[in-house]
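The following account leads from the overall architecture of a protein to the surroundings of a single residue. Please keep the sequence and the model in view while reading.

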Amino acid sequence: MNDETLQRIQHEYGVENWAAGYFDVNARGHVIARPAAGDARFVDLKELVDDLVQKRKVQTPLILRFPQILTSQIRKLSQAYTQCIEEYGYKGRHFPVFPMKVNPRREVVEEFLRDSARCRVGLECGSKAELYAGLALDQTAESLLICNGFKDEAFIRLAGLGAQAGKQVVVVVEKLNELKMVLRQHQQTGVAPWIGLRAKLYSRGSGKWASSGGEASKFGLTTSEMLQCVRLLKEAKLDGHLKLLHSHIGSQITDIKRVKNAMKEAARVYAKLRQIGANIEYLDIGGGLGVDYDGSKTRTESSMNYTVQEFANDVVYVIRSVCDEEHVPHPHLVTESGRMMTAYHSVCVTSIRDEIETFADDEPEVTVDADDPQVISELKALCDGVNGKNYVEYYHDALEHKDELHTQFNLGLISLEDRAKGEVLFWETCSRALRESESEKFPDEEFERLKQILAAKYLCNFSLFRSAPDSWAIRQLFPIVPLHRLDEPLDDFATFVDVTCDSDGKIDHFVDIKDERETLSLPKWKEGEPYYLGIFLVGAYQDVMGSFHNLFGLPNEAHVVIDEAGQYHITKLVNGSRLSEMLQFARYDQNQLVEAFRKKLLAQAETGRITAEDAARLAGEYDRAANATTYLEG
Ligand SMILES: Cc1ncc(COP(=O)(O)O)c(C=O)c1O
């Protein structure tokens with residue numbers, strides 16, 4: 001590929017901006033993935049998908065997981081803190097903790113814990129189920145198990161079990177009542193885990209999750225509640241168990257200023273608690289470290305205006321400054337940056353299956369006869385006459401004529417054939433007007449909108465609600481790139497719809513360096529040829545927030561590592577859901593369904609509409625159909 005083509009691809013998809021060195025486009029016009037930024041080894045994603053689809057018969061939709069990217073991200077985070085801790089002469093150490101809510105998949109959690117010996121990775125859990133799993137997973141002696149979220153007696157008992165099993169369990173008190181439960185359990189069993197206090201900070205984050213911080217936030221103790229906790233712990237002679245102060249001002253903080261303000265406040269609360277005798281050793285700053293989904297490096301909601309190193313520098317510098325001023329020891333720093341740790345490691349691969357036409361380019365040319373209704377001959381005149389000077393006016397006129405066409409049809413004045421002719425002429429006029437508008441540097445907004453309407457709508461084999469739900473729920477941007485054919489002209493523009501029966505199941509907003517785009521340019525889809533698209537950076541929250549809308553199930557999954565010689569290996573293949581699993585999820589008993597259907601067939605046989613043999617054969621076919629995958633096959 002020449003430089004011009006590469007520049008065009010970079011301009012259209014911005015891969016260099018958002019890929020953090022993990023993804024790129026090679027000379028064949030294929031997207032590649034690397035195990036670490038700057039690593040010479042790579043896997044060609046088109047070759048990988050061909051291998052999966054053709055040789056191993058694993059169909060799209062397909063989640064590709066790269067465990068090595070998880071390791072690279074935790075190392076990047078750990079190195080960022082280690083570097084500034086050294087540079088600023090900070091006395092505490094960094095304890096990265098992975099919040100399981102971001103991606104509770106066993107393989108993801110275990111991958112982080114594998115690196116625990118090197119950088120003390122711990123876990124954060126926010127529910128009994130997460131804690132239950134966390135308790136049995138292998139952690140190193142120093143690694144923390146932080147319990148956030150609202151707790152009941154059973155949660156506290158589980159935490160107590162962990163403490164007895166030698167784990168460094170920290171119950172972070174969100175409500176005063178939780179501390180009372182811990183104290184009661186201690187009285188009954190003599191067991192108490194470490195205690196943390198979650199402070200309700202006055203500071204707020206920025207972006208979508210700003211309301212996680214601030215005085216009115218859902219979580220945390222007020223100042224007077226924190227003081228009460230310190231008093232209650234002293235009275236119970238458990239003040240030695242108070243080890244940690246926690247705060248979290250929201251996920252995906254877009255503006256670094258907010259981080260600095262929150263750190264000043266959290267450090268001050270820590271210092272004041274130390275000064276009244278609470279010997280807290282760990283300051284947990286929660287999550288918030290953003291991911292630059294659109295690569296714009298700005299304060300927009302799918303981006304952030306800082307780097308990982310800048311975030312770490314500011315955290316360490318601000319906390320050190322406050323502690324030195326207050327003459328208290330530098331606490332160990334606990335971070336819960338799950339989004340940053342996981343977002344890059346997985347890619348959802350879907351394939352284009354069909355095109356949903358608004359206006360087909362290959363409509364035959366309309367001929368207008370003398371006896372055609374006037375509205376049609378006028379539309380024809382607009383269509384033939386549109387040019388670079390009049391296209392705005394002609395477009396407006398065509399809109400009026402289209403309304404007129406439908407009014408006349410509803411009144412029974414024109415035929416179905418007339419309506420068809422009129423519609424073709426209208427869309428052809430729009431298409432020509434749009435072409436003229438594209439030679440303008442700043443086309444009117446209405447032509448942006450027209451572009452979206454006229455864009456190809458490609459039907460893709462996946463469920464947005466399962467694989468990228470935040471695109472729908474909060475309009476988060478995820479980079480989308482064809483995995484191949486990028487050396488070809490980007491001669492089409494499109495939006496994408498999924499296979500659910502839900503009109504919200506569509507992607508019509510795309511990353512752009514300046515703003516959002518409403519269509520994506522790409523090489524034109526050719527019927528009958530495989531065409532794969534990657535939805536990138538879906539490793540954080542999407543797996544767990546995804547739903548089984550329409551009973552579309554889990555996609556197939558492939559885990560891929562690249563060895564020292566640069567050869568890729570598919571280390572694990574996980575089959576996607578079958579109909580039977582989704583039916584069970586919706587509480588149907590498959591045996592009962594088969595039985596009920598068999599009875600219906602037998603009733604037909606009794607009436608003589610089908611034979612008894614046919615009834616038996618069809619019942620068997622119904623039974624076997626439950627083994628099909630939930631997505632489009634073939
Ligand atoms: C207490 C707590 N810690 C950590 C996180 C994860 O934050 P992030 O999305 O920045 O990884 C969250 C998520 O909101 C949270 O509530």
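What percentage of the 634 residues in the protein is buried? Buried residues, meaning those under 20% relative accessible area with a 1.4 Å probe and protein chains only, make up 54% of them. The model is predicted: local features need pLDDT of at least 70, side-chain atom pairs count only at pLDDT 80 or more, and totals for chains, interfaces and linings use all residues. Residues are numbered from 1 along each chain as its sequence is written, and side-chain values use heavy atoms, without hydrogens and water.

The protein contains 23 helices and 21 strands, taken as DSSP runs (H or I of at least four residues for helices, E of at least two for strands). Its C-alpha trace spans about 100 × 75 × 55 Å along the principal axes. Among contacts (heavy atoms within 4.5 Å) with a separation of 6 or more, 74% are made by residues 24 or more positions apart.

The description now turns to one residue. Aspartate 543 lies in helix α20, which covers residues 542-545. With a relative accessible area of 11%, aspartate 543 is buried. Leaving aside residues up to four places away in sequence, aspartate 543 touches Arg65, Asn103, Arg105, Arg466 and Val538. Its side chain forms a polar contact of 3.0 Å with the side chain of arginine 65, and another polar contact, of 2.8 Å, joins it to the side chain of asparagine 103. A polar contact is a pair of N or O atoms within 3.5 Å; within protein, one must be able to donate a hydrogen and the other to accept it, and residues adjacent in sequence count only if both atoms are side-chain atoms.

Technical notes. Buried < 20%, exposed > 50% of the residue type's maximum accessible area, 1.4 Å probe, protein only.
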